[in-house]
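Have the sequence and the coordinates at hand, and follow along.

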Amino acid sequence: MSKNISINIEHVTRVEGHGNIILNVRKGNIEKIEWQVSEAPRFFEVMLKGRNYWEVQPITSRICGICSIGHSLASLKAVEDAFGIKISEQTNALRHLAINAENMQSHILHIGYLTAPDLFGVGSVIPLAESKHRDTLLKIVKLHRLANEMSDLICGRTIHPLTLIIGGFSKIPSRKQLLELKKRLIKDRETLREVASAIRKVSDKLPDFKRETEYIALSTDVEYALYDGDITSTDTGRFKDHRRYRDIIEEYIVPQSTAKYAKHNRESYMVGALARFNINSRQLSSNALDIADLFELKPICYNPFMNTIAQLVEVMHNIDDSIIWIDKLVDDGLKEEKPVDFKVREGRGVGIVEVPRGLLIHDYTFDKKGRCIKANCIIPTNQNHANIQKDMEAFVPTILDKTKKEIELSLEMLVRAYDPCISCSTHYLNIDFKET
Amino acid sequence: MKPKVAFFDFASCEGCELQVADLEEELLDLIEIVEVVSFREIMKEHSNNYDIAIVEGSIIRPIDEKRLKKIRRIAKTLVAFGACATIGGVNKIRNPWQPEEVIKEVYGDIDFKDNEFFNVSKAKAVDEVVKVDYYIYGCPPPREEIKKVIIALVMGKKPDIPNYPVCVECKKNENICLFELGKFCLGPIARAGCNAICPTNGRACDGCRGILSEPDTKCVEDILKRYNLTYEEMKHRFTIFNYTLEEDR
Amino acid sequence: MESSIKKMNREDWADFINNLINNSTYEVIGVKAKGKRFIFAPLESADELRLDYDTTILPPKKYFLPQYENLLSFDLSKQSVNIEMKEEKRIIIGVHPYDIIALQQMDKVYFDTYIDRFYKIRRENTIIIGSNILNVSERSFATSMKAHTVTSGYDLMVTDIGSSIIIEIGTERGKKLMERYATNITDATEAEIKKIEEIVESIESKDRKLKVDKENIPNLLKRNYEHPIWRELSEKCLQCSSCTIVCPTCYCFDIRDEVSLDLQGKRIRTWDGCLLPDFTRIASGEVFRKDKTERFRHRFYRKGLYIPERYNFIACIGCGRCSIACIPDIAGPFNVINKIAEDSEETRGEIIFEIPVTRGGEEETAYIPRNGIIRRIEKLTEFEKLFEIELEDSIDFNYQPGQFVEVSILGVGEAPISISSPPIKKGSFELVVRRVGNVTNKLHTLREGDKIGIRGPFGRGFDVKKFEGKNLIFVAGGIGIIPMRSLISFILDDSNRDRYGIVTILYGSKTPRDILFMDEIKEWEKKEDVIVKLTVDTCPEGICWDGCIGLVTSLFPEVKWQDIENTVAIVIGPPVMYKFVIKCLDTIGVKEENIYVSLERRMKCGIGKCGHCQINGIYVCKEGPVFNYTEIKDLPEAFE
C-alpha cells in the first residue's frame, strides 16, 4: 500500500484539556505518530510554595474541575498523614460517599457526553436531544443530576468542594437528607440498567483492539478500592509502603508533551477504571458484575476501549456501595463532630486515592510552622500518556486500510477511551523549595 | 434568530465549562434560546461563526494571546467566564516569580527555547489582553449566574451582577458569622452573587468572585485586633484568588 | 370576671406546643438554637423551643417581609402575568417584646398610604405568641427604648417563671388557640403574676442604659449633623450592610426581574440596605449619596429623626442585633447616642427636617402593573423617543403634571418615567423616554401595538391652582423639559390660558440636536404673552444654530422681567443646575416660596416604601418629585 496520510488533529474534542494527535504516513510507511500534550502548564507546584497547610486543599482542588473532590481528598489525606491525624468513622463514611459521588458524576459525564456520541454516530449530545435517542439522553442526564446532587449534599458543591476539611467535615448532611438520597439511588439503579442496555446496542462500534499492558491501581482486602488501598500492579502485585511510591512510578519528560510520562515494569502502564476492574473485579457488587457480563467484560481485558465500559460497571457499584455507607451512617446516628485536634509538625505526608481516571498521589513536606516546602503530585492522566502513545503506535497499523476520516475518528476514540484529564496532568513534578 | 455562542478555554481547570454541562436537563433548554456552535469539551463540531464568545481560563503564553485576540476579532460580545478569566484566579499565585524561574523549578534545566508550548509569561486575566464585555465571576460560577448572564444577553439587557458584599447574602441566609467563630472571612469585601455558599457550608469566603474595594487599613487593624487574628493570615487569604491586590501593594 | 392571665405546668406547656406542631394546620415556628446563637425556625418538637434565648440572628420580620419574595410570576412566551398570594398560616412562638413593637412599627409603615397586600395577609394569618425576656443580650438596651415589655401586639404572651409557664391572653384568637390545643389551664396566682414583674425588673437592671431619654434622640440628632463621630466611625465601615439586614425595623427593599431558561420569570422583592454604595444609583450612573460617611450617618438619622418625624416612633427598639453583627463594631446606636449626648450642650451642625404634607389614602397595592398598549411611537432624537400609551382596562387614569409612572417590562424590570403630556386628552398619555438602562433600552426596541405595564400615577405633581393669576417662569435644563412639557402644555392650552399671566420659557440643551419638542415650542412662542428663549452649551461644527450659546443661566439677562412679585418659577434640570438657577431667580427678585422644583432620585416602588429615593428623610416618590423650594432648601441632601 503506498498511502499518504497526514493527520493533525489540534485540540481533540470531547476530552478534558488540550491535546493534539499527529499522524504522518508516507507511501504506506508510518513516519510519525504523536500524542502531543499542549495544555498550558499552570505550575501548581510553584503556587504551593510556602503556603500554609490549610490552604493546600483549596488550591490543589483547582487543578481539575471534574476531579476536584478527588484532589481535595488526596490533599487532605496527605496533610493528615504528615500530621498524624486519624479521622473518625463518620468522616470515613462520608468521604467514601464523596468519592463515590465523584466517580459516578465523572464516569457518567464521560460515558454519556464524551463517548456515547461516537457510538451513536453524532458530534455531541446536542443532536442526540433531537434524535430517536432523546430518551436515553434524558436518562443519562438524570443519572448525572443524581450524582451531582449527591456531591452537592455531601461536599457542599460538586466543583471545588466546600465541606471537606482537614480531620473532618465543616458541615454534614442530615439523616433525613441521607435517607432521601438512598431512595433516589435505589430507584436510579433501574435507570442505569436501561442506559447500559442502550449502550450495549451500539457498543460493538468499539474497536476490538488488544495490547498486553501493565495495569496499576489501589487494592485492599476490605472493599473495591477507591478511597484507601495499596498500590498494586498486574505485573508485580501489591506494594505496601505508600510513601515509597517512587519505587513503582518513574516519571520522565518528552518534548511533545507539557505533561510528563510514566513507566514501571514496562515502557508504560495504564491506570483508571479498566485497571481497577482488572485488579479488583471480584470485589464489585453483584449488580455491577451483571453489567460487566452484559458487555462480556472479564479480567484481564487488554482493550483500552473497554475502559468506558469498566466505568459503566463502576457506576453501578458506586450506587450499591453508597447505599451501604448511608445505612451505616444512619444506623450509627449522625453526630456534629469537631474536626480532629492535631499539632502542626515538621514532616512529610503522602495521600493516595483512586479518582475516576486512576491513581492520584499528593505528596507534601511541611516545615515546623506547617508551611509547604516540598510538593509532588502524580496525576492519573500523566501516568497514561505514555500508554496512549504506545497504544497509538500499535493501533495505527491495524487501521491503515481505512479512510482518513475513519482513522481520525478511531484515533480520537482511542484518546477519549482513556478519559484523559489533561489540565490536571500538565504540571506535576518533584520540587524542592528553597527555604523562605 | 438565535445568537450563536462559542465556548473557549485557556489555562484553567475546565470546572466552569463543566458547570455548563451540569445544567443537566436545562442544557436542553439552553440550546433552545442559543445555538452552541463550539464547545470543545462536549462537542466535536466547531464553527468560527459566532456572536458571543464565552472564555474560560487565564492567558499565560504568547500563543494563547494570539488565539484570544482572534476570538475577540470574531465575536461581537466577549464574556470572561470564571475566576481565572475574570480576575486571574489561582493562576496568578505564581506571578511574583519570573517565568524563567518557574520553568526551571518545574521542568529542570531542559531547554525549551523553541517550543511554544512552554513559552510562558505571567498569568493574566482576559481583560488584560482584550476588551471584555461582560463578566461571570466565581470559582466556579454558580449555575444560576451562568443562566442569568446568557439569558440577559439573549434578551438584550445588561446582566445584573451584584456589586455588594457576600455578607448581604450570608446574613440573609442567617448564617452565624465566621468572625464570631474566630475565623477570618473575606465576605465583607468580596463580591456577592454566590449566595454565600462557602460560609453557608462552614468555610470562610476566599473572595473568588473578586474583591469590591480594599478595606481601610484602620478598619482592618481594628478587626484583626478584636478577633485575635494575624495580619499574615489576612494577607494570605487575599492571595489565593486576588493576587493583583498583592502586586499593587 | 375571668382573669386573662393563666398558668400551665411545664409538661402541659410542652404538650400544647407538640399538639400545635402535630395536629394543627399551622406551621409552627419557634426560637431554637443554631450553634451558640438562636434563630426563628420551624419546630419539630417542643423540646427544641428555647424561651431562655437572648436574641436571634434575624428578627421575625423575615416572616412578614421575606428575604426573597415573589411579587408576581410571568410567562414571557405568552406575555402573561400570574399573581399568587399564598396564605400561609403560622404561629410564631417566643417573640420578645421589642420584636413585637418592631412589628407594630412595621405595620404603621406597610399600612400607610399604599397598603401592602402581601404584608397584610401575612400579618392576618400569623399568630404571635410572645415571650418575656429571660436573658438579656450583651448588646441590648431595649429598656432604654421602652421596648423590654409590651402590653399589646400579641395573641398570647408567655413568661417562664421557672416553676410554671404564665400565659397572658392578648386576643380572642389567642384564647381560642389555648382552648383548642391546651389542657390543664388554671388562673395564675397573685404571687405568680408578681414573679413576672420581678423578671421584668431584673431585665431592666441588667440592660445597658442610654444616657438620654429616648424621646430626646430626634432633638439630639437635629443638632449634631456635623458631629465628628460620623466620619470617625464611618472610616471603619466595611459597607457590608449587615446592620440593616439583621435590624427588626429596617425594611428597605429592591425589586428585580429574574428569568429562567424556559422563559418563565418572577419579579422578586429582596432586602436592600442604605449602606450599600449602589443604593441610590440610577440608570444613568449617578449616585446620590456618594460619601461613605453620608451613608453611615443616614442610617442613624433615618431611625432617629426621619422616621420619628413621619410616624411618631423611634425606629430602634434596642435589641442589639446590629451591634453583634457589625464586624468593626461601629453600628450600635447605643455608643453613638451616648457619645453625642456627652457633648449635648454644643450644636455641631444643625438639620432642619420637616416633611411636606401630601395626600393620604387607603389604597391597597400588590405591585401589579396595568396593561398599556403603545399606540404611537415618534423618534425625537438619537436617544429619546415619544410613546403614546393607552391603558387596556377602562379604569380612569387621572394625573397632575409632574407626576410619574413606573413603566414595567416583564423580564427586564421597571423604570420611573415622568408623564410628558398634559392631563387634557382622555384615553391616552405620552411618555418621552431617554434610553439609558435596561428598561429604557428595551422600551426603545418595542413597536406600536406592543404592550408594557404601567403602575401609577405616583408622586406629588404641580398644584396648578396655586399658579392661577400668576406669571410663570419655566426654566428647563436638558431632559427637564420632558415633565415640564406636561405643565406648559396644560397652562398654554386654550381652555386654561386666560387663568395665567405672562409665561417665560428658558430652555437649555447640550447641543441643537438635543433640543426636544421644537415644533411645539414654536407654537408656544406664537401665543400671546409667551416669551421663549433657547440656548445650547455648544454647537458642533456643521450644525446650523443662530440662537444663544451658553448655560441656561445666561438667558436671564436677556429677558425684560415684569411684575416679579407676582411670579412663580418652575425649575427642572440636572442636579448641578439648581443652585445656579435659583441664584438667578433670587437676583431678579422671585420669592423663595414662589419657586418650585422637580427632583430626580432612584424610584423603585413609587409608593414611599422601598427607601431608595430618600432625600434625607423625604421620599421623592411621595412628597415629590415636585417640591416648593422652601420645603427642601435646607435639606443637606437636596442639592449638590
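In this predicted model, A:Arg266 and A:Glu212 form a salt bridge, with their closest N and O atoms 3.2 Å apart. The two partners come from distant parts of the chain, 54 residues apart: A:Arg266 belongs to the loop between strand 10 (261–263) and strand 11 (269–270) of chain A, and A:Glu212 to the loop between helix 7 and strand 6 of chain A. How accessible is each partner? A:Arg266 has a relative accessible area of 28% and is partly exposed, while A:Glu212 reaches 51%. Because exposed means over 50%, A:Glu212 is counted as exposed.

The loop that holds A:Glu212 also holds A:Arg211. A:Arg211 forms a salt bridge with A:Asp391, and here the closest N and O atoms are 2.5 Å apart. A:Asp391 sits in helix 11 (residues 380–399) of chain A, whereas A:Arg211 lies between helix 7 (175–200) and strand 6 (214–219), so this pair ties together parts that are 180 residues apart in sequence. Are these two residues buried or exposed? Both A:Asp391 and A:Arg211 are buried.

Turning to chain C, C:Arg50 and C:Asp52 make another salt bridge. C:Arg50 is partly exposed at 30% relative accessible area, and C:Asp52 is likewise partly exposed at 32%. Elsewhere, salt bridges with shared partners gather C:Glu27, C:Glu69, C:Glu88, C:Arg90, C:Asp116, C:Arg122 and C:Arg269 into one network. Over all chains, the structure holds 100 salt bridges.

| Salt bridge | Closest N and O atoms |
|---|---|
| A:Arg266 with A:Glu212 | 3.2 Å |
| A:Asp391 with A:Arg211 | 2.5 Å |
| C:Arg50 with C:Asp52 | 3.0 Å |

Our last stop is C:Tyr225, found in the loop between helix 6 (217–222) and helix 7 (228–234) of chain C. With a relative accessible area of 4%, C:Tyr225 is buried. Which residues does C:Tyr225 contact, leaving aside its neighbours within four places in sequence? Among them are C:Trp230, C:Arg297, C:Tyr301, C:Tyr306, C:Arg348, C:Asn616 and C:Pro636. C:Pro636 is 411 residues away from C:Tyr225 along the chain, yet their C-alpha atoms are separated by 9.4 Å.

Technical notes. Residues are numbered from 1 along each chain as its sequence is written. Chains are lettered from A and ligands numbered from 1 in the order in which they are written. This is a predicted model: local features need pLDDT of at least 70, side-chain atom pairs count only at pLDDT 80 or more; totals for chains, interfaces and linings use all residues. Side-chain values use heavy atoms; hydrogens and water are left out. A salt bridge is a side-chain nitrogen of Lys or Arg within 4 Å of a carboxyl oxygen of Asp or Glu. Helices (H or I, at least four residues) and strands (E, at least two) are DSSP runs, numbered from the N terminus. Buried means under 20% relative accessible area, exposed over 50%, partly exposed in between (1.4 Å probe, protein chains only). Contact means heavy atoms within 4.5 Å.
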